[in-house]
Amino acid sequence: MATGEGLIELCAKQDVPEGGVIRVDSDDLELAVYHIEGQFYVTDNVCTHGPGELSEGYLEGHVIECDFHQGKFDVRDGSVVAPPCIVALKTYKVVPHDSAVVIEAPVD
Ligand code: FES
């Protein structure tokens, strides 16, 4: 759901378990929302290597492992941590909000 002023509200913070990741679809975006040590991070949900969904992967610390071919990304900046992934994952800027996970709308 859009919140205006270039912001998109994705879900309630309480929807994402601590140490977990959920998929959130918003308009044409398919996203993964992570909750790690009280902070929230948002990336594309689909792996850059293939059809794996990162919300179905394994989160350890700040690293998400794709369950398709075990490639890994750092969810903080999308950088590749382990092959076979080569291309970084797209990340989204999370803006402060009391109860919801809100991102800046991507400009393309
Ligand atoms: S689809 Fe994610 S590692 Fe291959």
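1. Let's start with how the chain folds back on itself. Among contacts between residues at least 6 apart in sequence, 37% join residues at least 24 apart. Here, two residues are in contact if their C-beta atoms, placed from the backbone, lie within 7 Å.

2. Before going on, a word about what you're looking at. This is a predicted model, where local features need pLDDT of at least 70 and side-chain atom pairs count only at pLDDT 80 or more, while totals for chains, interfaces and linings use all residues. Residues are numbered from 1 along each chain as its sequence is written.

3. What does the secondary structure come to? The chain has 0 helices and 12 strands. Both are DSSP runs, numbered from the N terminus: helices are H or I with at least four residues, and strands are E with at least two. Read along the sequence, you get β-β-β-β-β-β-β-β-β-β-β-β.

4. Now the overall size. The C-alpha trace spans about 40 × 30 × 20 Å along its principal axes. With 108 residues, a compact globule would have a radius of gyration near 13 Å, and the chain's 13 Å agrees with that. The radius is taken over C-alpha atoms, and the globule rule is 2.2 Å times the number of residues to the power 0.38. Of the 108 residues, 29% count as buried. Buried means that 20 or more other C-beta atoms lie within 10 Å of the residue's own; exposed means 12 or fewer, partly exposed is in between, and the C-beta atoms are placed from the backbone.

5. Next, find the open sheet. Its 4 strands come in the order β3-β4-β5-β10, with antiparallel pairing. At the edges sit β3 (20-26) and β10 (91-92), each pairing on one side only. Two strands pair if DSSP finds at least two bridges between them. In general, strands of a sheet pair through backbone hydrogen bonds, either parallel or antiparallel.

6. Follow β3 into β4. These antiparallel strands are joined by 7 bridges, and Val 24 has Leu 31 in β4 as its bridge partner. Together they form a hairpin with 2 residues between them, and Asp 27 in the turn has a positive phi of about 50°.

7. Then follow β4 into β5. Residues 29-36 (β4) and 39-44 (β5) run antiparallel and are joined by 6 bridges. Ile 36 stands opposite Gln 39 in β5. This is another hairpin with 2 residues between its strands, and here Glu 37 in the turn has a positive phi of about 50°.

8. Is β4 mostly covered or mostly open? It is mostly covered, with 6 of its 8 residues buried.

9. β2 and β12 pair in the antiparallel sense over 5 bridges, and Glu 9 stands opposite Val 102 in β12. Strand β11 (residues 94-95) also pairs with β12 in the antiparallel sense, over 2 bridges. Val 94 stands opposite Ile 103 in β12, and β11 and β12 form a hairpin with 4 residues between them.

10. Which residues have the most contacts inside the largest nonpolar core? They are Leu 10, Leu 31, Val 33, Tyr 34 and Val 42, in a core of 24 residues. β2 (7-12), β3, β4, β5 and β12 (100-104) each supply at least two residues of this core, and β4 gives the largest share, 5 residues. A nonpolar core is a set of buried Ala, Val, Leu, Ile, Met, Phe, Trp, Tyr and Cys residues joined through C-beta atoms within 7 Å.

11. Two loop residues are worth a look, starting with Thr 48, in the loop between β5 and β6 (58-60). Thr 48 counts as partly exposed because 19 other C-beta atoms lie within 10 Å. Leaving aside neighbours within four places in sequence, Thr 48 is in contact with Cys 85, Val 87, Ala 88 and Leu 89. Thr 48 and Cys 66 are 18 residues apart in sequence and 9.9 Å apart in space, C-alpha to C-alpha.

12. The other is Ser 79, in the loop between β8 (72-74) and β9 (80-82). Ser 79 is partly exposed, with 14 other C-beta atoms within 10 Å.
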